[in-house]
Amino acid sequence: MADIQLKGLSKRWGSFVGVKAMDLHIADGEFLVLLGPSGCGKTTTMRMIAGLEDASEGDILIGGTKVNGLEPKDRDIAMVFQSYGLYPTMSVYENIRFPLKVRKIPQAEHHERVMRAATTVELTEFLDRKPAALSGGQRQRVALARAIVRKPKVFLMDEPLSNLDAKLRVSTRAQIKNLHHELKTTTIYVTHDQIEAMTLADRVVVMSKGVVQQVGTPLEIYDRPANTFVAGFIGNPAMNLLRGEIRGGVFEGRNVRIPGFAGAADGPVHLGFRAEDAAVAQAGEVAAPIYSLELLGDASMATVQAGESLVAIKAPKDFQGRIGEPLAARIPASVCHLFDASSGERLPRSAS
Amino acid sequence: MTTRVADRRPLTLRVVMSSFLVLWLIVAAFPFLWTLWGSFKVEGDFFSKADWLNALTGPLTVSETGSSFTGSGYYGAWVQEEFWRAAMNSLIVVVCVVCISLTFGTLGGYALSRSPYRYAFWLLLVSLVFRAMPPITLVSGYLLPFFEWNLWGHLPTAIIVLVAINQPFTLWMLTSFFRNIPKDLDESAMMDGCSRFQAFRHVIIPVMWPGVITTGLFSFLLAYNDFAVTAMLLSKENQTMIPKIASFLGTTQTKGNVMFAVSSVISVTAPLFLLVMFFQRQIVSGLTAGAVKG
């Protein structure tokens, strides 16, 4: 087990920047999720830690040792690939055993360790099968077993659940979470699925275009997004972002007027709030005709046009409304976040 | 049981299809079967001017040898004319060419398929140009230096030239096979503790067998069937089978010589049938490829 430090880590291909000067410390035993849309550099970062990609600049330290020049095999890392990377000619048993074999671990230990790994991921019935004869979820578990069979310092997981169907994803997610709790190995997990990030992570790193946007616990990221990108990426639905202007402590935009921002500088801003923090009322800060209405099961999601964008407002499921009818919602200033209109950075709130 | 697709086709279509297949089979197999049958007759029958049916019934064979089939063509070729020596030479040349081309081909093909650089593409393109050249153009260039350096006539010389002619093709074929194998496979092997070469040997090659066998078979055929290079570069005692057959045909003055050629042709063709039948499954899966999804 070991901690990982990234110091000014960058990756460039010609003039294209994949990852830009990334600094990060991952504590021993931590479950860290790299989250971002595709092409944001999260997989590249992981591949640099794995040693499958050379860093253009910066250092990677695992357990205090610089590993930049080391081959993947010398970094003592195990990785689970999105496509599993199982060896098609070997049986499940041989697949799991392979890392022990190539790392010259004494033969006598093999069987016991393979069986223990297979039991952990509930694969004992399939040991004689070839990967081709397994379902997607089972293949995924073989890949997991192969990673845990030799207690590496670090686990890397590259979107391991994205090829599974929705139901299986939930159960495998729980399995990964439990596995980490049991083994307490430092884990880096790459995903574009924010629900995976929220449920699995000790800390989440949100990335966009090769730049780290925010690092924090899932709750921090959800409650205090560092900028409009994070606000618009995290949550389902994502945070509502309204364009408008602050004048004398009052936010004003099309169909919206929210007082209570005493101390905020006058000028154009983006205002964000979450759909569930707004409450439908007789009269409120937002008043506009309903644009669309979706029943979610436990609630209804009403959308109205305000501040030059569509704003989602969570309403009770028995909410009776029709498209085109007027809707008003209470959005107190205390649930709102302000972001700089040009940079998108979060603005500190002196008041409230 | 559901009915098979073939059973649901209209009868006339099935009849037409079957008869076409039978016709095609006859046309395709006839030359070989004709030669096979004729190789057990004497020259007077197989090349009868009186009646072409003599090649089938063989009246002269009966009168000359006392039975309707004779192995004299085979005996003359293999023992008298020492065709076995040519067969040995062919074996040496073919085994060496296949082994050397496959060694370089798999290593080079793997490297080129995994190379992130542009020059890999240009290397392949240049090799295609060399592949497109007729082999004889290479031979004419080699001939003089080989004479001067006293290399002419020896088997290793022919092997080197054949490998050189063959290599671009094996490189191309193997590169495309390797490209079909997902990169994730090498990368997981490397994460599991393999060096690049171990990943190649333990993980990639086992998956590649159909491709290696198919490519090996094609280089085998090239070396086995080659005439231009072996005929020009080998001395008489080092001749391989194909130029040897040509030399039988070139000296038709002696009676029976043509029959030596005919029986040698059969001797050369028979192993090919066995080979293709033996590796049939690998060749098919090699040619259809894509069977390596993990």
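Student: In chain B, what share of the contacts with a separation of 6 or more comes from residues 24 or more positions apart?
Tutor: That share is 70%. Two residues are in contact if their C-beta atoms, placed from the backbone, lie within 7 Å. Keep in mind that this is a predicted model, where local features need pLDDT of at least 70, side-chain atom pairs count only at pLDDT 80 or more, and totals for chains, interfaces and linings use all residues. Residues are numbered from 1 along each chain as its sequence is written, and chains are lettered from A and ligands numbered from 1 in the order in which they are written.

Student: OK, how many helices and strands does chain B have?
Tutor: Chain B has 15 helices and zero strands. Helices (H or I, at least four residues) and strands (E, at least two) are DSSP runs, numbered from the N terminus.

Student: And is chain B spread out or compact?
Tutor: Chain B is more spread out than a compact globule, because its radius of gyration is 24 Å, well over the 19 Å that the globule rule gives for 294 residues. The radius is taken over C-alpha atoms, and the rule is 2.2 Å times the number of residues to the power 0.38. Along the principal axes, the C-alpha atoms of chain B fill a box of roughly 75 × 70 × 30 Å.

Student: How much of chain B is buried?
Tutor: Buried residues are 34% of the 294 in chain B. A residue is buried if 20 or more other C-beta atoms lie within 10 Å of its own, exposed if 12 or fewer, and partly exposed in between, with C-beta atoms placed from the backbone.

Student: Let's switch to chain A. Is helix α2 of chain A mostly covered or mostly open?
Tutor: Mostly covered: α2(A), residues 92-102, has nine of its 11 residues buried. Among them are A:Tyr93, A:Arg97 and A:Phe98.

Student: What do those buried residues pack against?
Tutor: They pack against α3 (107-120) and α4 (136-148) of chain A, together with α12 of chain B. Just after α2(A), A:Lys104 takes a positive phi of about 55°.

Student: What's the strand order in the open sheet of four strands in chain A?
Tutor: The order is β2-β1-β4-β5, with antiparallel pairing. One side of β2 (16-26) and one side of β5 (65-66) of chain A is left without a neighbour in the sheet, because each stands at an edge with a single partner strand. Helix α1 (residues 42-50) of chain A packs on the sheet, touching β1, β2 and β4 of chain A.

Student: How do β1 and β4 of chain A run, parallel or antiparallel?
Tutor: Antiparallel, with five bridges joining β1(A), residues 4-13, to β4(A), residues 57-62. Two strands pair if DSSP finds at least two bridges between them. A:Lys7 stands opposite A:Asp59 in β4(A).

Student: Last one: what do β9 and β10 of chain A form?
Tutor: They form a hairpin with two residues between them, and A:Lys209 in the turn has a positive phi of about 50°. A:Ser208 stands opposite A:Val211 in β10(A). Strand β9(A), residues 203-208, also pairs with β3(A), residues 31-35, in the parallel sense over four bridges.

Note on methods: Axes fitted to C-alpha atoms, helices over the stretch in contact; angles between N-to-C directions.
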